[in-house]
Amino acid sequence: MNPFDYTVAHSVDAAVSALGGSGRPSKILAGGTTLVDLMRLNVEQPAAVVDITRIPGLNHIDTEGREALVFGALARMSDVADDPVVRRDYPVLSESLWRAASQQLRNMASLGGNLLQRTRCAYFRDRQYPCNKREPGTGCSALEGLNRGHAVLGVSDQCIAVYPGDLAIALVALNASIDVQSTAGARTLRVADLHREPGQTPNLETALRPDELILRIRVPKSRLGKASTYLKIRDRESYAFAVASAAVALDMDGDVIRDVRIAVGGLATRPWRAHAAEQSLVGKTFTEAAAAQAGRLSLQGAATRPQNAFRVELGANTVAEALKIARERA
Amino acid sequence: MINEDHLGLNRREVVAAGTAAAVLPANTAAAPPAEGGVVLQINGVGHDLGDLDPRSTLLDVLRERIGLSGAKKGCDHGQCGACTVHIDGRRVVSCLTLARQAEGRAVTTIEGIASADGRLHPMQQAFLDHDALQCGYCTPGQIMSAIACVKEGHAYKVDDIREYMSGNLCRCGAYVGIVAAIEQVVAQGRAV
């Protein structure tokens with residue numbers, strides 16, 4: 001690990017001015033489960049690290065408000081997963097959290113940090129391989145390499161690395177937003193607008209400016225919460241990244257679908273909302289065939305490689321199965 | 001030849017003696033360290049680590065500076081759970097915890113869970129009762145994780161135990177015994 005300056009920020013203002021003021025590559029440190037790991041691999045080499053875990057008042061879990069669930073950026077994944085209101089009224093959120101990582105990591109990892117988790121692409125994590133995300137212009141080793149686990153949606157000829165997070169998939173389905181702050185001021189953006197597709201600049205992963213800090217996450221309260229699920233298909237049943245996943249939420253009027261949300265994970269370069277699949281269901285009677293059709297539409301536009309082509313059908317089936325699980329909860 | 005058992009020291013402690021951290025009386029840890037020294041509170045004892053390199057992980061400090069080698073280094077990437085310890089009562093992987101982040105917090109390791117009179121923690125006893133290990137390398141992490149698993153309320157069903165213990169890998173495959181040990185502790189309703 002390269003040497004770095006370590007600063008503890010005791011306030012949001014101190015954190016953002018430390019980030020913006022140094023003029024050197026700086027990183028925010030919260031749970032450290034991604035950053036420390038990548039620093040040890042020399043994939044991340046910040047000159048300065050700003051520890052925000054001692055900032056008071058950023059770890060709240062507020063489910064009482066009329067409009068939205070509000071989570072502080074430092075709320076721990078394990079705490080939000082176990083929150084009784086989140087479990088009861090928004091199972092898609094709880095499941096996206098407890099089906100991620102291990103309890104040790106969930107005890108450390110913050111919600112804000114989790115949103116910014118970087119890809120698990122083995123070529124990105126290993127500096128002996130060319131990687132456009134790590135070193136722009138060097139090439140993508142995954143295109144012709146071992147790419148069984150790589151993305152089929154949102155890919156480019158520069159990068160096919162999967163966005164590995166689970167929570168963001170659920171948040172995109174629920175139209176969540178984040179409040180961020182920098183020395184220039186505060187703003188709110190939709191989680192759906194947070195992550196970028198790789199395009200020709202896979203090194204640019206989010207819409208955040210380098211000195212912006214996520215303060216909180218807002219999830220609009222909705223009838224869509226209760227009949228929801230996060231279905232995660234993995235190579236082993238626990239403690240693994242998704243081979244395919246689906247965040248699904250339904251609002252039913254008897255057997256008729258009044259509203260529906262579908263987002264897929266593990267298959268795309270960013271959290272992937274499946275609008276066409278949703279539109280195919282709204283106003284229709286829920287049937288197995290309709291769910292299967294929505295599954296296929298969710299994977300519309302997939303661009304595969306020989307090793308990962310099987311995940312188009314797997315993804316479609318995952319969405320269809322998630323819809324059935326959500327239907328049973330309506 | 002030094003008879004290490006006779007001295008009550010193990011080889012690691014003898015080797016590490018030259019670089020060991022200063023041990024402070026237990027209740028000095030809360031006070032701010034003099035001249036910026038980093039003080040960690042481990043198993044109720046304060047350890048002054050001086051001007052600690054920010055890169056130091058809690059795991060490396062425990063093992064190499066303090067001589068507590070119970071927490072094991074398996075993968076060093078947060079994937080195996082062998083380094084599991086508690087911080088303020090919650091299980092974490094110490095290999096991805098920068099030591100400075102643990103300052104002012106209560107760190108508990110496998111060395112800190114038996115009673116003062118040497119009686120094993122109920123979870124330690126349950127692991128023995130159920131042969132919940134073979135080589136033993138993952139065991140300190142398993143036990144620290146298991147204690148937390150019960151405390152969190154994630155150990156009332158076998159499926160939950162399997163799910164919430166999945167962050168601790170055992171290459172010997174002692175999982176059946178591990179689950180049985182945890183069930184025993186829950187069934188006994190013993191304080192953990």
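In chain B of this predicted model, Asp131(B) sits in the loop between α4 (122-129) and α5 (139-152); helices here are DSSP runs of H or I with at least four residues, strands are runs of E with at least two, and both are numbered from the N terminus. Asp131(B) isn't a glycine, yet its phi is positive, at about 45°. With a relative accessible area of 62%, Asp131(B) is exposed, where exposed stands for over 50%, buried for under 20% and partly exposed for anything in between (1.4 Å probe, protein chains only).

A word on bookkeeping: residues are numbered from 1 along each chain as its sequence is written, while chains are lettered from A and ligands numbered from 1 in the order in which they are written. Local features need pLDDT of at least 70, side-chain atom pairs count only at pLDDT 80 or more, totals for chains, interfaces and linings use all residues, and side-chain values use heavy atoms, with hydrogens and water left out.

As for the rest of chain B, there are 7 helices and 6 strands, running α-α-β-β-β-α-β-β-β-α-α-α-α from the N terminus on. Some 48% of its 192 residues count as buried. Among the chain B contacts (heavy atoms within 4.5 Å) with a separation of 6 or more, 55% link residues 24 or more positions apart. Chain B exposes about 9,100 Å², and carbon and sulfur atoms supply 52% of that; the areas come from the Shrake-Rupley method with a 1.4 Å probe, and for residues only the protein chains shown count as cover.

Chain A has 12 helices and 12 strands. Its radius of gyration is 19 Å, close to the 20 Å that the globule rule gives for 330 residues, so chain A is as compact as a globular protein of that length. That radius is taken over C-alpha atoms, and the rule itself is 2.2 Å times the number of residues to the power 0.38. Along the principal axes, the C-alpha atoms fill a box of roughly 60 × 50 × 35 Å. The chain is divided into domain 1 (5-52) and domain 2 (227-329), with bounds from an automatic or database domain assignment, and the C-alpha centres of these two domains lie 36 Å apart.

Buried residues make up 58% of chain A, and 64% of its contacts with a separation of 6 or more are between residues 24 or more positions apart. The accessible surface of chain A comes to about 13,100 Å², with 48% belonging to carbon and sulfur atoms.

Helix α5 (residues 91-98) of chain A has 8 of its 8 residues buried, so this helix is largely enclosed by the rest of the structure. Among the buried residues are Glu95(A) and Trp98(A). Arg88(A), by contrast, belongs to helix α4 (residues 84-89) and counts as exposed at 55% relative accessibility. Its C-alpha atom is 41 Å from that of Asn42(A), 46 residues apart along the chain.

Gln158(A) lies in the loop between α8 (122-125) and α9 (167-173); leaving aside residues up to four places away in sequence, Gln158(A) touches Asn132(A), Cys140(A), Gly199(A), Gln200(A) and Pro202(A). Asn175(A), in the loop between α9 and β6 (177-182), has a positive phi near 60° despite not being a glycine. Asn175(A) is partly exposed, with a relative accessible area of 37%.
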